[in-house]
Amino acid sequence: MAGTVRVERPRPEVALVTLDRPERLNAMNHELVADLHAALEEIGADTTCRVVVVTGEGRGFCAGLDLKGTGVPPGANGLGRAQTSMKAQQHIARLIPRMRALPQPVIAAVNGPAAGGGLALALGADVRIAAQAARFNVAFVRIGLSGCDIGVSWMLPRLIGAARAFELMLTGRLIDAEEAERIGLVLEVVPDGQVIDAAL
């Protein structure tokens, strides 16, 4: 797969999906979202693939929505501002249901910051393993949005309990890998540089 998402086969029956915008900490623009949709669709139809590992290139997992510009979502040319915004939200919001609908289990190898929509991608996986450099936060609240973006408000309470989830969604507080492991957000914390090997 070309563009902003790489799909590799490091082992038989394993697909390694890498978000590849390291200069922006793999922040989501509409090209990355479209490339990730295409990769997940292709993997979901591949009967030779038995597990998927998702990670980020460079020092970040995914910094969420690219606030410096996301581009135009597919199918939005010629639409007004409100309709374009709706198309953009729908395009991004469909990522997690697509990931959850895969027949293969998904492991998030969180190699660095996972904020906002990046946290949602990590939550959408079946298993999360974090490098020591991983950081997590519900970043939406810091720009005046609710914590329901891409399903965080549905998934987070089910993983770590309502009280902890609500505190994180209301404050946008950054938590490190050790706290994420302690509260059950991630299964395991491994040294930096070893998270993909641990996931494999």
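A salt bridge is a side-chain nitrogen of Lys or Arg within 4 Å of a carboxyl oxygen of Asp or Glu. Keep in mind that this is a predicted model.

**Exercise 1. Find which residue forms a salt bridge with Arg6 at 3.0 Å, and say where the two partners lie.**

Step 1. Look around the side chain of Arg6: the closest N and O atoms of Arg6 and Glu57 are 3.0 Å apart. That is within the 4 Å cut-off, and the pair forms a salt bridge.

Step 2. Now place both residues along the chain. Arg6 belongs to strand β1 (residues 5–11), while Glu57 sits in the loop between β3 (51–56) and α2 (81–93). The two are 51 residues apart, and their pair links distant parts of the chain.

Step 3. Check the surroundings. Arg6 is partly exposed, with a relative accessible area of 26%, and Glu57 is partly exposed as well, at 29%.

**Exercise 2. Decide whether each partner in the salt bridge between Arg24 and Asp66 is buried or partly exposed.**

Step 1. Confirm the contact: the closest N and O atoms of Arg24 and Asp66 are 2.7 Å apart. Arg24 lies in the loop between β2 (14–19) and α1 (30–44) and Asp66 in the loop between β3 and α2, so this pair ties together parts that are 42 residues apart in sequence.

Step 2. Apply the cut-off: buried means under 20% relative accessible area. Asp66, at 4%, is buried, whereas Arg24, at 29%, counts as partly exposed.

**Exercise 3. Describe how strand β6 (residues 127–131) is enclosed and which strands pair with it.**

Step 1. Four of the five residues of β6 are buried, so this strand is largely enclosed by the rest of the structure.

Step 2. Turn to its pairing with strand β4 (residues 106–110): the two are parallel, over four bridges. Here Ile107 stands opposite Val127 in β6.

Step 3. Strand β9 (residues 188–190) also runs parallel to β6, joined by three bridges. Val189 in β9 is the bridge partner of Ala130.

How values were computed:
Residues numbered from 1 in each chain as written. Predicted model: local features only at pLDDT ≥ 70, side-chain atom pairs only at ≥ 80, totals over all residues. Heavy atoms only, no water. Buried < 20%, exposed > 50% of the residue type's maximum accessible area, 1.4 Å probe, protein only. Pairing = 2+ DSSP bridges.
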